[in-house]
Amino acid sequence: MKSNYGKNLFIAIIFCIVVTLGLCVAAKQMIKMDEEREEKEVFKELNNSDNIQDSENKDNIVSDQKPDESKLEIKITPEPTEIPQDTIEPIEPTPVSKDSINGKIIALDAGHQAKGNSEKEPLGPGSTEMKAKVASGTTGVSTKVAEYILTLDIALALRDELETRGYTVLMIRETHDINLSNRERAELANEGADIFVRLHANGSENQNVSGALTIYPSESNEFVGNISNECKKLAQAIIEEYCETTEAKNQGAIVMDNMSGINWCTIPVTIIEMGYMSNPKEDQKMQDPEYQKKMVQGIANGIDAYFNEE
Ligand SMILES: [Zn+2]
């Protein structure tokens with residue numbers, strides 16, 4: 001009897017323990033499920049707000065000063081249908097230094113200026129022969145446009161084109177209202193440029209004459225004979241490319257030793273006579289924006305060709 005009582009008590013205790021344990025486990029499970037549900041909802045909300053910030057306000061995620069407002073908006077505005085997949089930061093174009101591509105410096109001279117200067121200067125270093133500082137230039141027979149206006153128009157467009165191609169450009173003038181002699185222009189170019197390109201337009205008493213030519217000094221030039229060869233290469237490269245691009249008549253690269261703007265140079269130099277302003281058709285053509293683009297391309301191609309030859 002006694003042992004029976006003890007046995008029953010033992011079973012009852014075990015039963016109680018099992019029931020208690022069972023209840024504990026069940027309660028724990030319910031709490032866990034609840035927590036998980038909450039977590040899921042929080043996660044969902046966070047996810048939504050992140051996406052909206054992402055798509056609307058990519059740049060300001062970190063420095064957003066009104067986070068509450070943007071959260072309010074989440075409830076009002078419908079979710080965006082398109083969420084950018086690409087979360088990589090936008091690539092900004094790397095600024096390219098203009099003189100970093102080929103390192104060549106081109107001095108460009110737009111021939112003439114608003115008013116010529118008839119004062120004299122030596123034809124070259126040490127020369128007793130004197131020449132007018134800068135002539136007034138010619139004028140379009142049909143358009144009445146002055147040479148100094150055409151040369152600067154082309155020089156400015158050529159500067160932009162050359163910079164696009166990676167050159168550094170030294171402009172001898174960017175305005176009409178200056179007073180620079182041909183010697184001074186050469187001396188400015190000598191200071192740091194690799195080559196000097198001088199832009200001019202031609203004039204002839206014969207209105208039928210048309211075409212382009214370039215000028216370089218001869219080997220026997222007493223001032224710059226030592227750079228004649230390089231000047232010739234530059235003059236030939238430019239006239240070939242210019243005439244190919246513009247289809248102007250090619251009058252070739254010719255020798256001239258009486259140009260003070262060449263004789264004061266210490267770097268390869270050429271003058272391009274881009275066309276005849278005395279020829280009505282060529283004068284008009286040189287004022288046509290489409291033809292001017294070809295003029296610019298042609299000269300730039302010639303400069304490219306000169307450096308590629310080196
Ligand atoms: Zn001229």
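Across which strands does helix H5 lie, and at what angle does H5 run to S6? In this predicted model, local features need pLDDT of at least 70 and side-chain atom pairs count only at pLDDT 80 or more, whereas totals for chains, interfaces and linings use all residues. Residues are numbered from 1 along each chain as its sequence is written.

Helix H5 lies across S5, S6, S7 and S8 and runs at about 170° to S6, where axes are lines fitted to C-alpha atoms, for helices over the stretch in contact, and angles run from 0 to 180 degrees between N-to-C directions. Helices (H or I, at least four residues) and strands (E, at least two) are DSSP runs numbered from the N terminus. The 19 residues of H5 (228-246) should span 27 Å at 1.5 Å a residue, which agrees with the 26 Å between the end C-alpha atoms; the expected span is 1.5 Å times one less than the number of residues.

Among the buried residues of H5 are Cys 231, Leu 234, Ile 238 and Tyr 242, a residue being buried if 20 or more other C-beta atoms, placed from the backbone, lie within 10 Å of its own, exposed if 12 or fewer, and partly exposed in between. The buried residues of H5 pack against strands S5, S6, S7 and S8 and against helix H8 (289-309), with contact defined as C-beta atoms, placed from the backbone, within 7 Å.

The open sheet of six strands has the order S4-S1-S5-S8-S6-S7, with mixed pairing, and two strands pair if DSSP finds at least two bridges between them. Strands S4 (168-171) and S7 stand at the edges, each with a single partner strand, so one side of each is left without a neighbour in the sheet.

How values were computed. Contact = placed C-beta atoms within 7 Å.
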